[in-house]
Amino acid sequence: VFGFDIDTTGFENICPTHALIEGLKTPIEENNEEVNQWITLVDTESITPNSHNFFQKNNSDKVLYSHVRLTISPGGGIARFRTYGDVVPYYLNPETEYNLASASLGARIVHWTDTKSFNEPNVLLDKGTLINDFIVIQLAVPGSLNSIIIDTTGFKGISPLQVRVEGCDSKEDDPYLDLYTQWFSLVPKSSIKEDALNTFEVPYTDTVSHVRLTLLPDGGLQQIKCLG
């Protein structure tokens, strides 16, 4: 957890004046004697009506939190409470197959073609001139992949003709910052069908921390799933 936003937008005269934020540590923390105790993350602070109230966490610990508790005084209206941080899977059963490229498990895009121009991709990569666009995804956790699904459902005439998927095992969030990163093939340059689920078996059995998806040429995708 990095920080918080207590959003009181739209609440002028019925907004609370102060707020306290606490967190509950996850049981998987080693030597955690405070598992069942609420830890103060933001001391009682005054908040402003009809505005975003941003707060940083009191400390810079790397502890994992499973719950946060917001206490307001006096009772009043809050539009939304946001908690900022990185998602870390609580527990993954090694006998179960997961989509390690799922944002709900903590996967995220860390590098893409237009980094310098800040053209950040979403699930649908930008269309434009016929270039070979790519994204680099940090998987939720490093793992061994069984298959990769390229979902072009709903995209007819504007999906890429081919894709290439590579992997690496890097300790960096962005492997482009790792001078020793070595990319290896997970899915060689392959044709894909529009408006379809394109499934590719992955023969590589070693650990993969990141995948690099290249579109040939740039086009529309619904989703990429990395099952393992």
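Where does D195 lie? D195 sits in the loop between β11 (184-191) and β12 (197-201). Before we look around further, a word on the model: it is predicted, so to speak of local features a pLDDT of at least 70 is needed, side-chain atom pairs count only at pLDDT 80 or more, and totals for chains, interfaces and linings use all residues. Residues are numbered from 1 along each chain as its sequence is written, and side-chain values use heavy atoms, with hydrogens and water left out.

**The overall fold**

The protein chain has 0 helices and 14 strands. Helices (H or I, at least four residues) and strands (E, at least two) are DSSP runs, numbered from the N terminus. Of the 228 residues in the chain, 43% are buried; buried means under 20% relative accessible area, exposed over 50%, and partly exposed in between (1.4 Å probe, protein chains only). L215 and L161 are 54 residues apart in sequence, yet their C-alpha atoms are 7.8 Å apart in space.

**Backbone details in the loops**

Two residues other than glycine have a positive phi, as the table shows.

| Residue | Phi | Loop | Relative accessible area |
|---|---|---|---|
| D195 | about 50° | between β11 (184-191) and β12 (197-201) | 33% |

One joins S73 and P74, with omega about -15°, and P74 lies in the loop between β5 and β6. Another runs from L216 to P217, with omega near -10°; P217 belongs to the loop between β13 and β14 (223-227).

**The largest pocket**

The largest pocket holds about 520 Å³ of space. A pocket here is an open set of points on a 1 Å grid over the protein atoms alone, where a 1.4 Å probe fits, with protein on both sides within 12 Å along at least five of seven lines; lining residues have an atom within 4 Å of a point. The volume is the space filled by probe spheres set on the points, which are joined across faces, edges and corners. Of the 24 lining residues, V1, V63, L64, G85 and D86 lie nearest the centre of the pocket. Strands β5 (65-73) and β6 each supply at least two lining residues, and β5 gives the largest share, with 4 residues.
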